[in-house]
Amino acid sequence: MRRFEAEAIILQGIDYGESDRIVTFFTREFGKIRGIAKGAKRSRRRFPNGLDLAYHLYITFVEKEGFELGRVEDSKMIHSFDRISQHPDRFMTACYLLELTSLSIPDREPHPELFDLLKSSFQELERGDWVPEARDFFELKTLFYCGYRPNFEWCGVCQSSLLPTGDRYYSRDKGLVLCEGCSIDLPWVTRLSPETTHVMQRGLETTLDGLKELLFNEKIKEESRRFLGHALSLRLTRPIRSQPLLDAFRR
Ligand SMILES: [Zn+2]
C-alpha cells in the first residue's frame, strides 16, 4: 500500500452510489490518477463542495498494488476557480482544456509543465485575461509537452530544410509538414504561410504571458487552427466532446 500527498487539479468527476465520487486528478508529481472519494457528497470537511471540476487542491491518496482505482482520503482546497463558471464562454473553454488534457496524457505519467500550463490557463480565465489565441497556444504546448513537437524546420518526407521565408504544406494524410515538391499529388494538404510558421515557432518557445506579444491576423488564426486541430486529433484516442460546443459559441 502506498500513501502520498499531491498537488492536483480535478479533470473529471462522476457520482458513484449515494455518497461517493470517482474522480480523475491531474497531479503535478504523478500525472493522471483515478480514485474513489468515499463519502465525498457528505463530508464537506474532507472534500470541499464534493470535489467538483477544475478544483485545485492538495489530496491525500492511497493506492494498493493490483488495484486500478485508488482511494482519496482527504483534500485541502487551494483554489476552486468557481468564478469561471459565471461566464459561459470561459466555462466552455475550461471544460475543453480539462478534456483535452485528460485525453492527451496516459495514466501515471508526470507532466509538470503541462500541469503548470493548465493552472496558469485557469488563472487567466478567471481574471478574464484569456485571449482566443491562447487555445491554439495551449494545444501547441500540449503537443510539445507530450513529445509531439511539430517540426517546421525540414520536410518530413525528403528531409530538405525549409526556408523561414517559404510556405510549408501540412499533409493530413501523413501528419507531417512537407516541402512543396513532396506535397504535390497528395490529398488533404493545408498550406502554412511563413507568418503562421513563425508565430507557432515563437509560441513553442514562449509562455502564456509572452503570447500577448505575438501578432495574430485572421490568416494566421485560420491556418494554425486547421493545422493544430488535425495534428492533435492524430494523438487523441477519441474526438474532444466539448469542442463542437466551444467552436459554435465562438462563431
Ligand atoms: Zn520534401
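A: The protein chain is divided into domain 1 (2–82) and domain 2 (83–150 + 190–250), with bounds that come from an automatic or database domain assignment. The model is predicted; local features are reported for pLDDT of at least 70 and side-chain atom pairs for pLDDT 80 or more, while totals for chains, interfaces and linings use all residues. Residues are numbered from 1 along each chain as its sequence is written.

The chain as a whole comes first. The C-alpha trace spans about 60 × 40 × 30 Å along its principal axes. The protein chain has seven helices and eight strands; these are DSSP runs numbered from the N terminus, of H or I with at least four residues for helices and of E with at least two for strands. Of the 251 residues, 32% are buried. A residue is buried if 20 or more other C-beta atoms lie within 10 Å of its own, exposed if 12 or fewer do, and partly exposed in between, with C-beta atoms placed from the backbone. Residues 24 or more positions apart account for 59% of the contacts with a separation of 6 or more, a contact being a pair of residues whose C-beta atoms, placed from the backbone, lie within 7 Å.

The centres of domain 1 and domain 2, taken over C-alpha atoms, are separated by 25 Å. Where the two meet, 16 residues of domain 1 are in contact with 19 residues of domain 2. On the domain 1 side, two or more residues each come from strand S1 (2–16), strand S2 (20–27) and strand S3 (31–37). That side comprises eight nonpolar, four polar and four charged residues; here Ala, Val, Leu, Ile, Met, Phe, Trp, Tyr, Cys and Pro count as nonpolar, Asp, Glu, Lys and Arg as charged, and the others, Gly among them, as polar.

The largest nonpolar core has 54 residues, of which Ile10, Phe25, Ala54, Ala94 and Leu118 touch the most other members. This core draws at least three residues from each of domain 1 and domain 2. A nonpolar core is a set of buried Ala, Val, Leu, Ile, Met, Phe, Trp, Tyr and Cys residues joined through C-beta atoms within 7 Å.

Within H6, Ile220, Glu223, Ser224, Phe227, Leu228 and Leu232 are buried. They lie on the same side of H6 because they cover an arc of only 145° around the axis, the arc being that of the directions from the helix axis to the C-beta atoms. An α-helix has 3.6 residues a turn, so residues three or four places apart point the same way. Glu218, Lys219 and Glu222 are exposed on the other side of H6.

The buried residues of H6 are covered by elements including helix H3 (133–145), strand S6 (168–171), strand S8 (189–192) and helix H5 (194–205). H5, in turn, has 12 residues and reaches 17 Å from its first C-alpha to its last, close to the 16 Å expected. In H5, the buried residues are Thr196, Thr197, Val199, Met200 and Gly203. These fall on the same side of H5, because their arc around the axis is only 165°. They pack against H3, S6, S8 and H6.

Leu234 is exposed, with 10 other C-beta atoms within 10 Å. Leu234 and Gly175 are 59 residues apart in sequence, and their C-alpha atoms are 7.6 Å apart in space.

Arg108, in the loop between helix H1 (88–104) and helix H2 (112–127), has a positive phi of about 55° although it is not a glycine. Arg108 counts as exposed, with 12 C-beta neighbours inside 10 Å. Gln159, in the loop between H3 and S6, has a positive phi near 70° and is likewise a residue other than glycine. Gln159 is exposed, with 9 other C-beta atoms within 10 Å.

Technical notes: Expected span 1.5 Å × (residues − 1).
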